[in-house]
Amino acid sequence: MLRIILTVVWLLLSAWLVVWVGEGLFGVNQRESILPFASDDGLGGPIVIGVAWGLLLTFGGSMSGLARRKKVRGPAQIGVGTVVEMSRTGVTVNDVPQYDLFIRVSPSVGDDFIGQLRMLLDAGDVGALQVGQPVPVRYNVDDPDTVELADLSDPSVREAMLQWRIDRGLIDPSQVRARTTGTQVPASVVEVRPTGRRREGQSELALKVLVAPEGAEPWEADTTVFVYPQAVSRLQVGAPIWAFYRREDPHTVAVTIEKEPAR
Amino acid sequence: MNPLDTLMWLVNFPAAHGYAMVFIAAFSILGLFAVSARGTTGGGSLRAVREREGLVPAGTRSRGSIGGSVVRVFFRVLAFVMLGSLIIGILSLTGVPVTRAYIFENGRPTTGTVDGDWVTFTAADGTEYTLESDFFTPAVYPDRDAWLPSGAPVVVRYLPSHPQAFVIDSSQIPD
């Protein structure tokens, strides 16, 4: 809104200066001017208006880059994006550098697009974000220039991420009921073997897990899971993980690496 | 219509309005060059990344880049015009007769009257011109600081094709 007002004011000032130059070049009786604020000595008006015009141009133009809109316009969906590129903008605030993140988003409907996210990242955050890494994002397909990072501690974001995995077939259809409505219990990896299938940059592993609910006899179950390559090391033999199962079918198990807060 | 006359008429504008021109150019030149530089128009880097990944949204490619480059070229031209105006304005303020000497040599003489900062004369085609001779950049040549009695007749030399470019002949001021 402010930018529109500043643009209109700047255009009015530009028009004033154009008329001023035109009168100076073509005017016959230059004592008479059609311009408002054209004082008789011919100096005050052009100086004040010209300086205001130049300052608006200088600072209005250079600040539009800093004041880039960060919020997603309109209703936002939650999805997963991958970092395509990270570059420093050259600005630091309290010694924390500002980065431009370019994120490739795969919306649930429609084609992939690349959006931009400008944020301050300290050294620790930069280490955690790498090119190719998946991140939860909020986006709007109608406004693909801007994306926001979604907060994974928000239950609705987790829900959307889970739905995204189900929609993309990253959770086997036979495991969906166990994964969404089952009970979460500790488990351990007994055997791990890649199946060779890849989807959305994730690779599938076939696991044999030892499901060990507290105060109950443990049992073994076979399952599959899609994980990002960076997370494969967390599914080595013996690794503690978490399993979901339903009481009526304890051999259909869905696994997660980290414990999910109770729903 | 002599092209050099036309050039002098154009250059005479910042020379005659040197005081205002120096302010305008000094405060705007940074912004003009910033706007005309590549990459400052928003979304340039986003477009570059999209082109590299082959994900340019349909329809935005030609419109965005052509409009952006037209604006950039316009502001670049304006920036150099402004830089020239700044230099001419400073020269004119410091007393260098940037255009005055040419107008004096090639101008058509006529008589006019001075009323404060305003000079009134009638050109050969019968049009009466009232033009400004600024206190800071007086259109007086060869002696820029000659005292002009208000209301007295003076000799004015103007370019026939562009009478807005004129000087007052200080060598023919009555004592």
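The model is predicted, local features need pLDDT of at least 70, side-chain atom pairs count only at pLDDT 80 or more, and totals for chains, interfaces and linings use all residues. Residues are numbered from 1 along each chain as its sequence is written, chains are lettered from A in the order in which they are written, and side-chain values use heavy atoms, without hydrogens and water.

Trainee: In what order do the elements of chain B run from the N terminus on?

Mentor: Helices (H or I, at least four residues) and strands (E, at least two) are DSSP runs, numbered from the N terminus. Chain B has five helices and six strands. Their order is α-α-α-α-α-β-β-β-β-β-β.

Trainee: How many residues of chain A are in contact with chain B?

Mentor: Contact means heavy atoms within 4.5 Å. On the side of chain B, 38 residues take part. The number in chain A is 37.

Trainee: What area do chain B and chain A bury between them?

Mentor: The size of an interface is often given as the accessible area lost when the parts come together. Buried area is that loss with a 1.4 Å probe, summed over both parts. Carbon and sulfur atoms carry 68% of the area here, and the total is about 3,200 Å².

Trainee: Which residues of chain B lose the most area to chain A?

Mentor: Three residues together account for 18% of what the side of chain B buries. They are B:F13, B:L55 and B:W118.

Trainee: Which side chains meet in a salt bridge?

Mentor: A salt bridge is a side-chain nitrogen of Lys or Arg within 4 Å of a carboxyl oxygen of Asp or Glu. The count between chain B and chain A is one. At 2.5 Å, N to O, the partners are A:E85 and B:R52.

Trainee: Which element gives the most residues to the side of chain B that touches chain A?

Mentor: Elements that give two or more residues to that side include α1 (3-16), α2 (18-36) and β3 (128-132) of chain B. The one that gives the most, with 11 residues, is α2(B).

Trainee: Is B:D134 buried or exposed?

Mentor: B:D134 lies in the loop between β3 and β4 (140-141) of chain B. Leaving aside its neighbours within four places in sequence, B:D134 is in contact with A:L43 and B:A16. Buried means under 20% relative accessible area, exposed over 50% and partly exposed in between (1.4 Å probe, protein chains only). Because its relative accessible area is 6%, B:D134 is buried.

Key:
Buried area = accessible area lost by both parts, 1.4 Å probe.
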